[in-house]
Amino acid sequence: MAIGRIHSGLSTLGHSLDRAPGGSFYTLCQSYDFERRGTIALDSFIAMAVLLENAKRMHSAFDPNRTGTASFDLNQFVWTLAQL
C-alpha cells in the first residue's frame with residue numbers, strides 16, 4: 001500500500017495526522033515500512049490503524065475537556081505507552 005493510499009485510508013477511519021516532513025504521519029509510516037520500500041503491507045496497515053485507535057483512546061483519557069491536548073508526567077506517559 002502506497003503512502004497516499006495509507007493517508008487516505010487513515011483519514012477515512014477518522015485519523016488526522018501531521019503530514020509535514022518528519023511529522024507524525026511519515027514517522028508512523030516509516031515505523032511500519034519494514035523493508036524501507038515506501039509501501040506498507042495490508043496487515044501492517046491494519047496494525048497501524050489499531051495502534052492509532054488505541055493511542056486516540058489513551059490520549060482522550062488525559063484530555064478530559066476534549067481540547068485535543070493532554071498533559072502527562074513521565075509515569076503517566078510510560079503507563080500510556082504500556083497500554084498500547
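Student: What makes Arg66 count as exposed or buried?
Tutor: Buried means under 20% relative accessible area, exposed over 50%, and partly exposed in between, with a 1.4 Å probe and protein chains only. Arg66 has 59% relative accessibility, so Arg66 counts as exposed. Before we go on, this is a predicted model, in which local features need pLDDT of at least 70 and side-chain atom pairs count only at pLDDT 80 or more, while totals for chains, interfaces and linings use all residues. Residues are numbered from 1 along each chain as its sequence is written, and side-chain values use heavy atoms, leaving out hydrogens and water.

Student: Where does Arg66 lie, and what is its phi near?
Tutor: Arg66 lies in the loop between helix 3 and helix 4 (74–83). Phi of Arg66 is near 55°, a positive value in a residue other than glycine. Helices here are DSSP runs of H or I with at least four residues, numbered from the N terminus.

Student: Why is Gly14 called partly exposed?
Tutor: The relative accessible area of Gly14 is 46%, so Gly14 is partly exposed. Gly14 sits in the loop between helix 1 and helix 2 (24–32).

Student: Why are helix 1 and helix 3 called oblique?
Tutor: Helix 1 (residues 3–12) and helix 3 (residues 42–61) pack at an angle of about 40°, with their axes 11 Å apart. Axes are lines fitted to C-alpha atoms, for helices over the stretch in contact, and angles run from 0 to 180 degrees between N-to-C directions. Angles under 35 degrees count as roughly parallel, over 145 as roughly antiparallel, 65 to 115 as roughly perpendicular and the rest as oblique. Helix 1 and helix 3 are therefore oblique to each other.

Student: Which residues meet between helix 1 and helix 3?
Tutor: Ile6, Gly9 and Leu10 in helix 1 are in contact (heavy atoms within 4.5 Å) with Phe45, Met48, Ala49 and Leu52 in helix 3.

Student: Which residues make up the largest nonpolar core?
Tutor: A nonpolar core is a set of buried Ala, Val, Leu, Ile, Met, Phe, Trp, Tyr and Cys residues joined through side-chain atoms within 4.5 Å. The largest one has 11 residues in all, among them Ile6, Phe25, Ile40 and Leu52. Helix 1, helix 2 and helix 3 each supply at least two residues of this core.

Student: What does Ile40 touch?
Tutor: Not counting residues up to four places away in sequence, Ile40 touches Met1, Ile6, Cys29, Tyr32, Asp33, Phe45 and Met48.
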